[in-house]
Amino acid sequence: MIFVTVGSRNYPFDRLFQKLDELYEEGRVEDAIFAQIGTSTYVPKHFEYKDFISQEEFLEKIKAADIVISHGASGSIMKALNAGKKVVAVTRLEKYGEHINDHQIQNNEAFASNGYVLMADLELNDLGECLGKIKSGTDGLRVWENKDPMAIVNMIDNFIQENWSNE
């Protein structure tokens, strides 16, 4: 099962759910999907969803999932990594009204550059390829084993300092 989570903020992420339906229609995704769609207005055609779920249900869905697709919220990504799950990180973009700014780019790039998640390109064009790599075992992802709660903060901070501080 693939679990998709986009958080509870008041920003839709319709293009992600449209893309997942396209991948189903193209036969590129056959796994069952459960999605927490938040305030998205697009109604998925090919998978189960709820607008919001409780923290308990969120943890149950992560536990049951083979793959987690998460927006660039470090908390959601870390819950999946701590559960030993493979993660595809997708980025909400300001230009589509999906967030107030593009900070999720840095979060997702920090996780991806350290080998913990596959980051779909910003337009989601390679989402199917990311899922295929995980399904085939060719994803090359590292297992998150650091239980220090500050490790993620430090990783993201270091990445931003190294890659974004000159802009």
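Which residues of the largest nonpolar core touch the most other members? This is a predicted model, in which local features need pLDDT of at least 70 and side-chain atom pairs count only at pLDDT 80 or more, while totals for chains, interfaces and linings use all residues. Residues are numbered from 1 along each chain as its sequence is written, and side-chain values use heavy atoms, with hydrogens and water left out.

The residues in question are L16, F17, L20, I69 and L127, within a core of 27 residues; such a core is a set of buried Ala, Val, Leu, Ile, Met, Phe, Trp, Tyr and Cys residues joined through side-chain atoms within 4.5 Å, where buried means under 20% relative accessible area with a 1.4 Å probe, protein chains only. At least two residues of this core come from each of β1 (2-5), α1 (14-25), β2 (33-36), β4 (67-71), β5 (86-90) and α5 (127-136), helices being DSSP runs of H or I with at least four residues and strands runs of E with at least two. Helix α1 gives the largest share, five residues. Apart from this core lies another, of 22 residues, including F34, V117, W144 and I156.

Helices α3 (residues 74-82) and α4 (residues 103-113) pack at an angle of about 25°, with axes 10 Å apart, the axes being lines fitted to C-alpha atoms over the stretch in contact and the angles running from 0 to 180 degrees between N-to-C directions. Helix α3 is therefore roughly parallel to α4, a term for angles under 35 degrees. In their contact (heavy atoms within 4.5 Å), S74, I77, M78 and L81 of α3 meet N107, N108 and F111 of α4. Buried in α3 are S76, I77, M78, A80 and L81, and just after this helix G84 takes a positive phi of about 80°.

Terms used:
Buried < 20%, exposed > 50% of the residue type's maximum accessible area, 1.4 Å probe, protein only. Parallel < 35°, antiparallel > 145°, perpendicular 65-115°, else oblique.
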